[in-house]
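Good morning, colleagues. Please turn to the structure on the screen, and I shall take you through a sheet, a helix and an interface.

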Amino acid sequence: MNTRAKHIMAIASKEAKHIKRDIFTLSVALVLPMVFVVFFGFVINLDYHHIPLTVRDNDQSHTSRELLTQASAAGYFDIISAHTPLEAEEQLQQNRMRGLLIIPHGFHTAFTNGEVAHAQLLIDGTDNTMAALATTYMQGIVQATQQALLSSHEPPTAAIRTRYLFNPELNSRWFIVPALSTVIIGFLAIILTALTVAREWENGSMELLLSTPLRPLEIVVGKLLPYFALTFFDVLLVFALALLVFRIPFHGSFVLYLTACLFYIMGALALGLLISVITRQQQSAIQFGFAIGLLPSFMFSGFIFPIENMPAFFQYVTMLFPQRWFLQISRALFLSGSGLIDLIGPFIALFLFMTGMITLAIRNFKTDVEP
Amino acid sequence: MSIEVRTIHISKTLNTTAALTDVSTVFDAGMVHGVVGPNGAGKTTLLRLIKGLLHPTQGKCEFTYQGKVCTPQEAISRMGYFPQEPSLYPDLSVWEHLEFFRDLYNLGDKDFNKRAEELLAATGMTPFKDRPAGKLSGGMYKKLGLMSVLLNRPSLLLLDEPTIGVDPVSRQELWDIVYNVAGPEMTVILSTSYMDEAERCAKVHVLQNGHLLAAGQPHTVMENLHVTNFAELFLKHE
């Protein structure tokens, strides 16, 4: 082993001993991912089921009953019948329902005559997410009703049939869990390493280290290695939970996924080190770590807020954050099974981020104790 | 071979404070030098400037190794330095510290084992080699720091206030270790604010408020400055 490798391994081994003996670091590294998985995987559910829906069926026909049967069977809506317009209004005023479906007279006749059969759906717009989902669910129910009824009549001359690719049931867990690693790494990796160099400065050990033949490159790489192992373990854990507990399919290449993890983890760890190298104080480092690690993971990654819906300027801003690129890769590999050619842009962005952060951490590493 | 250090009109300003002003002195090779002065005199700054951890605002340090002037980089690579502030890792044991520095100084296993056992025996630390640094007494902690920098057999040993906060017995033991290692192979420069320790050095360099008051053999310095001990010297200049 050459001198440089020996120095790197000495720092890595020392750091690994600190991690093993520091209950706080170990707890954060091992418990936090579990908290994220439980919270986002089990507690938070962006799907809506059993939406209370009042129905005023003025047609009372075979067709209207079929529509309501389909709505009830899908599990998205709990049907409450209103026998009079007054009763429907009462339920609306008392906030006992989130939507009102009014089926007019002549609904069945229009349908069987091949005309457009109209019905009115009123949705509580105070929750726009629920409103949008309820509309989508209802479109699916209408489609299912048409198919069920038309099989006994003549086939439709023209109809748009929607089928959701890669996530046929629009299950939000399929959407969230593959993105969890993005948040976990983005937060954990930055916080863990943000403390390491700052701690050495505060403990006084940095002065001793700087008086040895160690070079900045050796300190930076040596410190990254054990934290890489720890974070990588977390990613594999979340990956296993996604497959085994949440039953999310993984259609892409596992090697590609690991490569993306490597670039993203090393980049995020190096960013944490850069914060530590610049601030030299644990308190400032942790504040920066939270701001840079946590916020972009939620705000600018597309984890919850779709990037396409952001103003153009902020869409460009998201490109600066690796969270956006890793999340794109992760979701694509899990659900659609994209290949390297399809994901070459995000991979290049992650690689540039990783090399940029490591270079900056080394360049900004002070080799003296000048104030 | 030991290193000789010459500071030539060296000054250092830290932020806006003049920590050292125009200090010129010679640290002859193979001797035990004491940089003495009260707190805030500039002792730590001078040692850091010699080690290259600070850069002089004016002036320079010149190093001579084996009778020839050498570059600061070459000299720095042959130095051992133990700072005044606690700088060891509380969770690492004595032996783990020695292993860590073995790798940093690139020592072979055979050489390391022999040297480590020698140092442990010389410091009386053999029974404590599995004890974490955070659980060592003040004296043992300083001894571990000293062992860590002595592993590499430096040609110039810089010790910043090695006896501060240490009981009298441990102070004596630390001095014994310093005397044993100094000689033709090693120059020792240590700083101290304990005035009685100044008289144990072969040569003292007296600092106050960043200025060099005097340098020479302890008794000669006291004679020239008309004082009977170093404490009196600083009280006189207060």
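Two strands are said to pair here if DSSP finds at least two bridges between them. By that criterion, in this predicted model, strand 1 of chain B, residues 3-14, pairs with strand 4 of chain B, residues 58-65, in the antiparallel sense, over 7 bridges. Within strand 4 of chain B, the residue standing opposite B:E4 is B:T64.

This pair belongs to an open sheet of 4 strands in chain B, arranged in the order 2-1-4-5 with antiparallel pairing. At its edges lie strand 2 (17-27) and strand 5 (68-70) of chain B, each of which pairs on one side only. On average, and with direction ignored, neighbouring strands of the sheet are turned by 25° against each other.

I turn next to chain A. How far apart are the end C-alpha atoms of helix 9 of chain A? They are 42 Å apart, which agrees with the 42 Å that its 29 residues, 216-244, should span at 1.5 Å a residue.

Finally, the interface. Chain A contributes 21 residues to the contact and chain B contributes 23 residues. On the side of chain B that touches chain A, helix 1 (43-51) and helix 3 (94-104) of chain B each supply at least two residues. Helix 3 of chain B gives the largest share, 4 residues. Sorted by class, this side of chain B has 12 nonpolar, 6 charged and 5 polar residues.

Thank you for your attention.

How values were computed: Residues are numbered from 1 along each chain as its sequence is written. Chains are lettered from A and ligands numbered from 1 in the order in which they are written. This is a predicted model: local features need pLDDT of at least 70, side-chain atom pairs count only at pLDDT 80 or more; totals for chains, interfaces and linings use all residues. Two residues are in contact if their C-beta atoms, placed from the backbone, lie within 7 Å. Ala, Val, Leu, Ile, Met, Phe, Trp, Tyr, Cys and Pro count as nonpolar, Asp, Glu, Lys and Arg as charged, and the others, Gly among them, as polar. The expected span of a helix is 1.5 Å times one less than its number of residues. Axes are lines fitted to C-alpha atoms, for helices over the stretch in contact, and angles run from 0 to 180 degrees between N-to-C directions.
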